[in-house]
Amino acid sequence: MNWSSAQRHCRQNFTDLATARNNTDWQTLSSVMPVNQDLWIGVYRDSNISWSDGSNLSFYPTTENFYIQPGVVSARCGYHKWQTRNAWYFYPCGNRLPFICHGPKGDPPSS
């Protein structure tokens with residue numbers, strides 16, 4: 001699905017697209033992510049970078065910057081790139097990728 005459709009699906013069936021607000025959340029999220037698969041997550045970039053639910057981004061798994069796909073200045077939607085387990089990238093929101101949802105508070109993420 002594209003990012004918006006994935007967000008809508010997650011909101012209707014779970015809570016929202018997956019988020020990681022601390023290292024524990026990130027470890028839980030990483031443990032359910034499949035190998036060899038890029039996935040939409042709940043990071044979004046407009047004038048700020050925030051989570052799909054509107055909360056501020058206060059955690060990032062490494063000290064590296066976010067990455068935007070080369071040649072894609074308009075990329076706004078965040079995905080987890082499987083080859084770099086600790087990095088999030090931005091990609092055009094209309095592209096189709098699998099996604100990972102976050103269930104009710106306290107539940108592990110679901111894909």
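**Figure 1. A salt bridge between Arg 21 and Asp 53.** In this predicted model, the side chains of Arg 21 and Asp 53 come together in a salt bridge, with an N to O distance of 2.3 Å. The two partners belong to distant parts of the chain, 32 residues apart: Arg 21 sits in the loop between β1 (16–17) and α2, and Asp 53 in the loop between β3 (49–51) and β4 (67–68). How accessible are the two ends? Arg 21 is partly exposed at a relative accessible area of 35%, and Asp 53 is also partly exposed, at 41%.

**Figure 2. A salt bridge between Arg 11 and Asp 16.** The model has a count of 2 salt bridges, and here we turn to the one where the side chains of Arg 11 and Asp 16 meet, 3.2 Å from N to O. Asp 16 counts as buried, because its relative accessibility is 6% and the cut-off for buried is under 20%.

**Figure 3. Helix α1 and its buried face.** Helix α1 covers residues 3–13, and its buried residues are Trp 3, Ala 6, Gln 7 and Cys 10. Viewed down the axis of α1, these buried residues fall within an arc of 100°, so they line one face of the helix. Which strands do the buried residues of α1 pack against? They pack against β1, β2, β5 and β7 (101–102).

**Figure 4. Gln 7, a buried polar side chain in α1.** Gln 7 lies in helix α1 and is buried, with a relative accessible area of 14%. What does the side chain of Gln 7 join through a polar contact of 2.6 Å? The partner is the side chain of Ser 52. Setting aside neighbours within four places in sequence, Gln 7 is in contact with Asp 16, Leu 17 and Ser 52. Asp 16 is the buried residue that also forms the salt bridge with Arg 11.

**Figure 5. Helix α2, with a buried side and an exposed side.** Trp 26, Leu 29 and Ser 30 are the buried residues of helix α2 (residues 23–32). Seen down the helix axis, the buried residues of α2 fall within an arc of 100°, so they line one face. The face turned away from this buried side carries the exposed residues Thr 24 and Ser 31. Among the elements covering the buried residues of α2 are β5 (77–80) and β6 (88–91). Asn 22 caps the N-terminal end of α2, placing a side-chain oxygen 3.0 Å from the backbone nitrogen of Thr 24.

Figure 6. In soluble globular proteins, nonpolar side chains tend to be buried together.

Figure 7. Met 33 has its place in the loop between α2 and β2. Met 33 and His 80 are 47 residues apart in sequence and 9.0 Å apart in space, C-alpha to C-alpha.

**Figure 8. Aromatic rings.** How many aromatic pairs does the structure hold? It holds 5. In one of them, the rings of Trp 3 and Tyr 44 have centres 5.3 Å apart and planes at 35°, so the pair is tilted. Trp 3 in helix α1 and Tyr 44 in strand β2 are 41 residues apart, so this pair links distant parts of the chain. Trp 3 is buried, with a relative accessible area of 4%, whereas Tyr 44 is partly exposed at 25%. Elsewhere in the view, Trp 40, Tyr 79, Tyr 89 and Tyr 91 form one aromatic cluster.

Note on methods: Residues are numbered from 1 along each chain as its sequence is written. This is a predicted model: local features need pLDDT of at least 70, side-chain atom pairs count only at pLDDT 80 or more; totals for chains, interfaces and linings use all residues. Side-chain values use heavy atoms; hydrogens and water are left out. Buried means under 20% relative accessible area, exposed over 50%, partly exposed in between (1.4 Å probe, protein chains only). Helices (H or I, at least four residues) and strands (E, at least two) are DSSP runs, numbered from the N terminus. The arc is that of the directions from the helix axis to the C-beta atoms. Contact means heavy atoms within 4.5 Å. A polar contact is a pair of N or O atoms within 3.5 Å; within protein, one must be able to donate a hydrogen and the other to accept it, and residues adjacent in sequence count only if both atoms are side-chain atoms. A salt bridge is a side-chain nitrogen of Lys or Arg within 4 Å of a carboxyl oxygen of Asp or Glu. Rings of Phe, Tyr and Trp (its six-membered ring) pair if their centres lie within 6.5 Å; planes under 30 degrees apart count as stacked, over 60 as edge-to-face and the rest as tilted.
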